[in-house]
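Thanks for making time, everyone. Let me put the model up on the screen, and then I'll walk you through a few places in it.

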Amino acid sequence: MRARPVDLLRGWVQLQAAPEAWTWLEERLDALAGEAGERDLYIVLGLIPRRLAKDDLELQPDDLAAAQAASDGWNPSGWSLDGAARVLALLAFRSEGRPFAQTFKQLRRTADARELIALYRGLPLYPERESLEAEAGEGLRSNMRAVFEAIAHHNPFPRDVFDDHRWNHMVLKALFVGSRLDPIVGLDQRANAELARIMRDYAHERWAAGRPVTPELWRCVGPFAVDGEALADLARALDGPPVEREGAALALAASPAPEARRLLHQAPDLEAAIAAGDLRWDRLSLQEPAA
Amino acid sequence: MMFIDPHAHMISRTTDDYEAMAAAGVVAVIEPAFWVGQPRTYVGTYIDYLASIVGWERFRAGQFGIRHYCTVGLNSKEANDEELAEGVMEILPRFALKEGVVAIGEIGYDEQTKLEDKYFRLQLELAKELDLPVMVHTPHRDKKRGTTRSMDVCEEHGIDPSKVVIDHNNEETVGEVLQRGFWAGFSIYPSTKMGNARMVEILKRYGAERIIVDSACDWGISDSLGVPKTAKLALERGVPEEAVHRACYLNALTAYGQSGQMQEADWLNPPAVDQRTLFEGNSILRGGREPRIEVPGEQRRRSLTIE
């Protein structure tokens, strides 16, 4: 039988926390599952980093595989010990008759940055998760990049819950704030023609301003690059600096248009690297090599 | 030399201030919850304000390599709005245990009214319950008596003076504060509080034990470089380096470090890239540059192009 996410979290936290800290947490979790009210929840959430320390959650490849099996797309790499314990506290809490989304909103309104990150990383695991769609949207508006990435990166919630509009704006904002696109779960799966158009417009803005265009942008364009204009953009990028060329080549390889094959053929070095599996979106370097 | 500015309302300051402070050697700031220049009339605005100083402002400071801490509390002016005060007292426990909250403050007296007294005492009890230090704002008017009374009330509530910083001292109040075992804060604030030449004289007379220098910079005419400028002037005028280090760095760390939320390693050994807070590290410490005092915005003013 597959483990439930909450059981995995419990196991990881118990393994890593000091014994007396775990004993304390287990008691608190029991209380939250029983009679404890919201004031107790706030205090437990506040005390968790003090009792358990703020180390990275130590996960082995097996753990990540178990997470993936327990909840499709869930990737807790980069979680912290206190963050995991905070999500456990939230999963344990039984709010009497109050929708979970309301409890979540109250917590989010008074959270510090580290707490926000923990709260949002837990999104795929909460009950009634569809009801948290607007809450996730609010989190994406944050100016704190780490908070934004708690939703956008390594988190299947946006893939599973967002409509195309919110999805597209999340991907676009990732570019704006200098976040990688590759850690977005479901990036290729949720690709759509509207996003491809938005990305191409953005590339034109960057070109007009004389600013570099991140090669990851073209990943959202490739499968929809069928008309002359889109292919012309990719041809232009293929003519650009080395890092941008790599993105353009990968996008051309993903285009269904025969014309794209022909364009890619003009860059035989990149075509060969793609065929050999050496040039891939997840290995793309975004930095130009030092001159 | 590294400095801490343990009283700075950065929410009212620009990025020029952060840049200038970082360049002058400020590695950490403490942002006390305060009166924002005009009264808040809803508890909701108070919640958002406190959420800003525990989250957003902390992140903003981190972008300049400055570690940001704060204190939370109901200030004395707004304690006189009873409806607001009751609401704030209800939500304060939610904020007091946030990351980087190093004290309950700034609390105390303004006009020394009954309501101010009531909420000062309630907050002292909260500090005791949560084992947090206290930052006391002493009144501008009737200062000497208000300062004495603040300390009397702390003692009455069984708060250890070593956990209380009495701030905004002057020549008239410092003697008693030190004699009774409290920390004595001095705000280097033009015109109304303390000037730095006077501060140097106080350091010469009393030494630096339990003395803490801050800028109290805010939305008024104030100087975000109050601490490094005072340190420089003190060194020039013959105050020993060790005493300057205490008054402009170590004492604040010791007093507020009692919260367990502030330690030297936060800025001396930050993780290379702190993914969960996005603290950018301290370029001064990393690059080994000498701190320099430059007017905020100086670099921006010198350059005509905006990229």
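Here's one to start with: which unit do strand 4 of chain B, helix 4 of chain B and strand 5 of chain B make? They make a right-handed β-α-β unit, with helix 4 covering residues 114-130. Right-handed here means that, with the strands pointing away from the viewer, the path from the first strand over the helix to the second runs clockwise.

Before I go on, some housekeeping. This is a predicted model, where local features need pLDDT of at least 70 and side-chain atom pairs count only at pLDDT 80 or more, while totals for chains, interfaces and linings use all residues. Residues are numbered from 1 along each chain as its sequence is written, and chains are lettered from A and ligands numbered from 1 in the order in which they are written. When I say helix or strand, I mean a DSSP run, numbered from the N terminus: H or I and at least four residues for helices, E and at least two for strands.

Back to strand 4 of chain B, residues 101-108. Eight of its eight residues are buried, so the strand is largely enclosed by the rest of the structure. Buried means that 20 or more other C-beta atoms lie within 10 Å of a residue's own; 12 or fewer is exposed, in between is partly exposed, and the C-beta atoms are placed from the backbone.

Now its partners. Strands pair if DSSP finds at least two bridges between them. Strand 3 of chain B, residues 67-72, runs parallel to strand 4 and is joined to it by three bridges; there, B:C70 stands opposite B:V101. Strand 5 of chain B, residues 134-137, is also parallel to strand 4, again with three bridges, and B:G108 sits opposite B:H137.

One more thing in that strand: have a look at B:E106, which is in strand 4 of chain B. The peptide bond between B:G105 and B:E106 is cis, with omega about -15°.

Next, helix 4 of chain B and its neighbour, helix 3 of chain B, residues 82-96. Their axes are 11 Å apart, and they pack at an angle of about 10°. That makes the two helices roughly parallel. For the record, axes are lines fitted to C-alpha atoms, for helices over the stretch in contact, and angles run from 0 to 180 degrees between N-to-C directions. Under 35 degrees counts as roughly parallel, over 145 as roughly antiparallel, 65 to 115 as roughly perpendicular, and the rest as oblique.

Who meets whom? From helix 3 of chain B, the residues include B:M89 and B:L92, and from helix 4 of chain B they include B:Y119 and B:L122. By class, that contact has 10 nonpolar, no polar and one charged residues. Nonpolar is Ala, Val, Leu, Ile, Met, Phe, Trp, Tyr, Cys and Pro; charged is Asp, Glu, Lys and Arg; the others, Gly among them, are polar.

B:H168 isn't a glycine, yet it has a positive phi of about 60°. It's in the loop between strand 6 (164-167) and helix 6 (174-179) of chain B, and it's buried, with 25 other C-beta atoms within 10 Å. B:R210 has a positive phi too, near 60°, and is found in the loop between helix 7 (196-206) and strand 8 (211-214) of chain B. B:R210 counts as buried, with 23 C-beta neighbours inside 10 Å.

On to chain A, which has 16 helices and zero strands. Its C-alpha trace spans about 70 × 40 × 35 Å along the principal axes, and 42% of its 291 residues count as buried.

Helix 1 of chain A (residues 5-16) and helix 4 of chain A (residues 61-70) pack at about 160°, axes 9 Å apart, and are therefore roughly antiparallel. A:W12 is one of the helix 1 residues there, and A:A66 one of those from helix 4 of chain A.

Last, where do the chains meet? 20 residues of chain A are in contact with 17 residues of chain B, contact meaning that C-beta atoms, placed from the backbone, lie within 7 Å. On the chain A side, helix 3 (38-52), helix 7 (113-121) and helix 9 (145-152) each supply at least two residues. The largest share, six residues, comes from helix 3 of chain A. That side divides into 10 nonpolar, five polar and five charged residues.

Terms used. Contact = placed C-beta atoms within 7 Å.
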